[in-house]
Amino acid sequence: MSNFIDFNSAKKLHDMQESKNRITELFNIQYPIIQGGMIWHSGWKLASAVSNCGGLGLIGAGSMYPDVLRENIQKCKKATDKPFGVNIPMLYPNLDEVIQIILEEGVKIVFTSAGNPKTYTETLQKEGLKVAHVVSSTKFAMKCEDAGVDAIVAEGFEAGGHNGRDETTTFCLIPNVKNHISKPLIAAGGIALGSQMKAAMILGADGVQIGSRFAATVEASAHDNWKKKITELNEGDTHLTLKELAPVRMVKNKFFNELEEIYNVGRNSESLIAALGRARAKHGMFEGNMEDGELEIGQVSALINEVLPVETVFANLLKEFEEAKMPKF
């Protein structure tokens, strides 16, 4: 287990908003960097590695059966003595069982998404947990504040995976959300560099949630074929589709083209569901089928050129954050 103390020139992050801010204090972490709880990527190895580097690692419960989730939580507790959490997409089944496992295993932080924040927030907070909820609009951010969450993740439509219907970019979303809420704000979507992290915080975010950059790490549980593919993507290689069901940003591959053919003959939800079948995302990201699988990743993948260890990603983020300067007029 690495203590990950010395980041050379990035060690003190002199120009960060504060050495302690609302996100680091809320989650008791060193840096306001949260790793997204991505399906098929965010197992215990990734989450513990991020937490050991001073960020907040999240286990992605969306791609795990309840017993697999319990195993990942237990392994994460052995791999780190730092805070970590679990991300729960609320459109998935077995939610009550998942919540019970989280409580039984003593997890202290939960990020919820794709559902009503009121459903479990009060239950979890009564047990001493901190709860953050992911939204894609100012309207839903305000509902989160009314629901009493501890923090809000505002995610622009640059992000990979399930996404908002309004197609609002992170740069537009963050300052607007900031103007309408008082809770700690985490920016997500299109962030892979330290300079982008600084930009998000200048716009009003207290911290950032990063997905795609952590998807292409040694510790991510996704297939090596997929990690390599991420490093080969260029601008325009991802697209937001499936709005009739639940909007998803994915790579344009053979499966994507099959969906486009369905659109060409009419927007038939039943045909789209049939094309999705079962386990398309697992088939692609976890099992490595780059043509017939669903490949979810953000637009920022165009900036990702290497599969790196989490420790190196963190060092780069912090160095880039420190070196990013405002130009003079």
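Here are some worked exercises on the predicted model shown above.

The model is predicted, so local features need pLDDT of at least 70 and side-chain atom pairs count only at pLDDT 80 or more, while totals for chains, interfaces and linings use all residues. Residues are numbered from 1 along each chain as its sequence is written, and side-chain values use heavy atoms, with hydrogens and water left out.

**Exercise 1. Confidence**

Find the mean pLDDT of the chain, and look at residues 1-18.

Solution. Start with the scale: pLDDT is the predictor's confidence in each residue, from 0 to 100. The chain has a mean pLDDT of 90, and 93% of its residues reach 70 or more. Next, turn to residues 1-18, where the pLDDT is below 50. Beyond near neighbours in sequence, this stretch has 43 contacts in the model, a contact being heavy atoms within 4.5 Å.

**Exercise 2. A tilted pair from W40**

How are the rings of W40 and F286 arranged, and which parts does the pair tie together?

Solution. First, the rule: rings of Phe, Tyr and Trp (its six-membered ring) pair if their centres lie within 6.5 Å, with planes under 30 degrees apart counted as stacked, over 60 as edge-to-face and the rest as tilted. The structure holds four aromatic pairs. In one of them, the ring centres of W40 and F286 are 5.1 Å apart and the planes meet at 40 degrees, so the pair is tilted.

Second, locate the partners, using DSSP runs numbered from the N terminus (helices: H or I, at least four residues; strands: E, at least two). W40 is in the loop between β1 (33-35) and α2 (44-52), and F286 is in helix α13 (residues 280-286), so the pair ties together parts 246 residues apart in sequence.

Third, check exposure, where buried means under 20% relative accessible area, exposed over 50% and partly exposed in between (1.4 Å probe, protein chains only). W40 is buried at 18%, whereas F286 is partly exposed at 36%. Finally, look at the backbone: phi of W40 is near 65 degrees, a positive value in a residue other than glycine.

**Exercise 3. The nonpolar cores**

Which members of the largest nonpolar core touch the most other members?

Solution. A nonpolar core is a set of buried Ala, Val, Leu, Ile, Met, Phe, Trp, Tyr and Cys residues joined through side-chain atoms within 4.5 Å. The largest one has 50 residues, of which I33, F214, W226, V310 and F314 touch the most other members. Helix α14 supplies the largest share of this core, six residues. Now zoom in on I33: leaving out residues up to four places away in sequence, its contacts include F214, F314, L317 and L318. Another core lies apart, with 22 residues, among them M64, C76, F84 and V107.

**Exercise 4. Charges over rings**

Which rings have the charged ends of K198 and R249 over them?

Solution. The test is that NZ of Lys or CZ of Arg is within 6 Å of the ring centre and within 35 degrees of the ring normal. The charged end of K198 sits over the ring of F321, 5.0 Å from its centre. For R249, the ring is that of F157, with the charged end 5.1 Å from its centre.
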